[in-house]
Protein chains: 2
Amino acid sequence: MVNFSYTIVGAGAIGGFYGSRLQRAGGKVHFLLHSDYQHVSQNGLLIESPEGNFTLPEVNAYRNVGDIPPSDVVVVALKTTNNHLLPKLLPPLIKDTSFVLVMQNGLGIEEEVAKIVGAQRVMGAMCFVCSNKIGPGHIRHLDYGTITIAEYLPNYQSVGITQRMRQLAADFESAGIEVLLSEDLLISRWQKLVWNIPYNGLSVVLDATTEQLMADREMRSLIEQIMQEVALGAQSWNRLIPESFIEKMLVYTTKMKPYRTSMKIDYDLGRPLEIEAIFSNPLKIAAKAGVNLPQIRMLYQQLKFLDAQNC
Amino acid sequence: MVNFSYTIVGAGAIGGFYGSRLQRAGGKVHFLLHSDYQHVSQNGLLIESPEGNFTLPEVNAYRNVGDIPPSDVVVVALKTTNNHLLPKLLPPLIKDTSFVLVMQNGLGIEEEVAKIVGAQRVMGAMCFVCSNKIGPGHIRHLDYGTITIAEYLPNYQSVGITQRMRQLAADFESAGIEVLLSEDLLISRWQKLVWNIPYNGLSVVLDATTEQLMADREMRSLIEQIMQEVALGAQSWNRLIPESFIEKMLVYTTKMKPYRTSMKIDYDLGRPLEIEAIFSNPLKIAAKAGVNLPQIRMLYQQLKFLDAQNC
C-alpha cells in the first residue's frame, strides 16, 4: 500500500516511470507536465516494460503548480538543465510535512534545492534504471529499476537511516521497485557518477552505445581509468569507492541490453546536455578539496564544445 | 642551386610539395609513387600555392625502388602507417654517402629507420606547413612551409649542427623553403607534437576544424592544457618547452586559415590514422621516464576507438 501522496515534477523517462508505478499500486500521484500536458490529460500514460506493459488511462495531470494540492513527497525528475525553474515550482507544492526527493543525476543539486525549501526537507534519489521517453506520455522501461535513497544534510554530513526513508522505501516497494537505503548521500552520489561520467560522456563524444564502447579493448580500459578518477573524486571527500564496485559496474554494463545513454539521446535530439550537474559540479567539489581530475575535466570540455555546436 | 640529388618516398601532401619545389629550383629529384604513378608519370605534378601555382610536366616517376638510381638524400614522406614498408624500400635507394631525411610526424621513427640504414645515415625533419593532396599529382599548399632539421643519434643524444645539415638547408633555401637548424632532434620532435597532438586528435574526436576549435573558450583551454602535457612529456627527457612556445602555437593557429588537419582528412577518407607515431610513441617514451600523460592517453584511446570503427 502506498501511504504518502506524491507530486512528480517532470514526467519523463524517470518521473513518468516511477510515478506510474506508484499510481498503479494505488498511490495518490500528481503529475506536473509541460509539453505533454495536453496528451497526458486526455490519454493518460503508457508504460512498456519487461516487467509487464500497462496503461493508466486517467492521471492527475497539471500544467500549473498553483493547481496542484500540496503532497507529502515532491519528486524532482526534471532534466537538471531545467533546474533554474525550481525556485518558482517548488514552494507552492509543499506543506509543513512535505519533503522533496531529488531524483536526478549529478552532484550538488540537493544543496540548491535546500536553499529553496530548507535542508530538512531534502532527500536524494539515485536511480539505477534504463528508461526512455519515446513519445508523449509513452515510456519505455528497458532494464533495472533499483533506487537508492539518502537524506541530505549541509556539507554532506551523514545522517543515517530515518523513519521517512523507511516509509518512502515501503511505498516504492509496494510499487514493485527495489529500494536501497543509504546512510551517506555523498558516497551514493559519487557511486552513481562512476557509471554516469564515463558512459554518458563517451557515448556523446564517440557517438556510441554502451555495447560498442564495451566491445573495444582500449575503450574499456579508458572507461575503467575514468571510473578510477571518479573514485579519486569521492576520496577527496573521504568517501571510499572500492575497486570491486568499479568492477561490478563494468560487468553490469557488459550484461546490459545495448543502451543509448540519456545524454546521448539528449544530444541526438538537439537538447542541452546535463553537463553542469554530472561533470562540472563533481569537478568543482573535488577541486574544493584540492584534487584535480584531468580525464573528467577533458571529457567535460569536449562535451561543452559539442553542446555549444549542437544547441 | 640544389646540390644533392633526392629521392622522395611518398609524393603526397608533404613529399610532393617539397620535392616539387626542389625540382623547380633545378634539383635532381626522383619520386617513388604508388597509387599516383600512372597519372604522375604521364602528367607530372601540379602545385597550387599562395606563393604561386606551378606545374612540373615531367618528373622522374618510379613505381619500383629497384629502378631508382641511389641518391644523396632519401626523403621519407610516407604516412607513418606505411612505415612497415621501409625495410624493403630503403636499402636499394642508398649509396655509401646517402642519408635518410625522416619527414614525418610523431616520435620514435628515426630509431626504426636507423635499424635499417644505420644511425649515422638518419636525420629528422619537422615540417610546419599546411598542405593537402587534393587529387593524383595535385597538391594544394595553403600556408607556412618552414622545415626544422636535426641529426639523429641513438637515445636522442644531441649532435649539434653538421656540415650536411648546412648543405641540406642551402638546397631547400634555393627552393624558397625556410630551414631552421636544430641541435637537438628530441626537443624539435616534442615541439612539433605541441601542435600535432591537440589539433590532430581533437579535430577527429570532435569533428572540427582548427578554426572551430579555437573559437570555443573551453576548447582553447583544453588545447592549452594538452600542450602543457606535451611539454611535460618533453621535460621527462630533460627538454624544456617554455610557456612562450605554447603561446606562440596558439597564436599561429588562431591566425592560420581554417584548416582540416591531416589526421581529420585521413579519418574522413576512411584511412588508418597515424596514432602510433603521434600518440602512442610519445606516451611510451614519457612512460619510460616514469611520466604519465593522462589527457594525451585519453585522446589516444578515443582515437583508437574511432579508428577501429572507421577502417
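**Terms and the values behind them**

Modeller: Start with the salt bridges. The model is predicted, and 3 salt bridges are counted between domain 1 of chain A and domain 2 of chain A.

Biologist: Why is the pair Glu110(A) and Arg189(A) called a salt bridge?

Modeller: The closest N and O atoms of Glu110(A) and Arg189(A) are 2.7 Å apart. The cut-off is within 4 Å, for a side-chain nitrogen of Lys or Arg and a carboxyl oxygen of Asp or Glu. So the pair Glu110(A) and Arg189(A) counts as a salt bridge.

Biologist: Which elements of domain 1 supply at least two residues to the side that touches domain 2 in chain A?

Modeller: They are helix 4 (109–117), strand 8 (122–135) and strand 9 (138–151) of chain A. Strand 8 of chain A has the largest share, 9 residues. By class, that side of domain 1 has 12 nonpolar, 12 polar and 4 charged residues.

Biologist: Where does chain A divide into its two domains?

Modeller: Domain 1 of chain A covers 5–183, and domain 2 covers 187–310. Their C-alpha centres lie 23 Å apart.

Biologist: How do you know that domain 1 and domain 2 of chain A are in contact?

Modeller: Contact needs heavy atoms within 4.5 Å. In chain A, 28 residues of domain 1 are in contact with 27 residues of domain 2. The two domains bury about 2,300 Å² between them, with 57% of it on carbon and sulfur atoms. There are also 11 residue pairs in polar contact between these domains, both residues at pLDDT 80 or more.

Biologist: Now the two chains. What makes up the contact of chain B and chain A?

Modeller: It takes 26 residues from chain B and 26 residues from chain A. The chains bury about 2,100 Å² between them, 64% of it on carbon and sulfur atoms. In chain B, Met298(B), Gln301(B) and Phe305(B) lose the most area to chain A. Together they make 32% of what that side buries.

Biologist: How many salt bridges does the rule find across the interface of chain B and chain A?

Modeller: The rule finds 0 salt bridges there. Polar contacts do turn up: 7 residue pairs, both residues at pLDDT 80 or more.

Biologist: Which helix of chain B gives the most to the side that touches chain A?

Modeller: Helix 12 of chain B does, with 13 residues. By class, that side of chain B has 15 nonpolar, 7 polar and 4 charged residues.

Biologist: Why is Ala150(A) called buried?

Modeller: Buried means under 20% relative accessible area. Ala150(A) has 0%, so it counts as buried. Ala150(A) is found in strand 9 of chain A. Its contacts beyond four places in sequence include Met123(A), Met165(A) and Leu185(A).

Biologist: Is Ser203(B) buried or exposed?

Modeller: Ser203(B) is at 0% relative accessibility, so it counts as buried. Its place is in helix 6 of chain B.

Biologist: What makes the pair Ser203(B) and Thr261(B) a polar contact?

Modeller: The side chains of Ser203(B) and Thr261(B) are joined at 2.7 Å. The cut-off is within 3.5 Å for a pair of N or O atoms, one able to donate a hydrogen and the other to accept it. So the pair Ser203(B) and Thr261(B) counts as a polar contact. Ser203(B) also touches Pro198(B), Ala208(B), Leu213(B) and Lys264(B), leaving aside residues up to four places away in sequence.

Note on methods:
Residues are numbered from 1 along each chain as its sequence is written. Chains are lettered from A and ligands numbered from 1 in the order in which they are written. This is a predicted model: local features need pLDDT of at least 70, side-chain atom pairs count only at pLDDT 80 or more; totals for chains, interfaces and linings use all residues. Side-chain values use heavy atoms; hydrogens and water are left out. Domain bounds come from an automatic or database domain assignment. Buried area is the accessible area (1.4 Å probe) that two parts lose on being put together, summed over both. Helices (H or I, at least four residues) and strands (E, at least two) are DSSP runs, numbered from the N terminus. Ala, Val, Leu, Ile, Met, Phe, Trp, Tyr, Cys and Pro count as nonpolar, Asp, Glu, Lys and Arg as charged, and the others, Gly among them, as polar. Buried means under 20% relative accessible area, exposed over 50%, partly exposed in between (1.4 Å probe, protein chains only).
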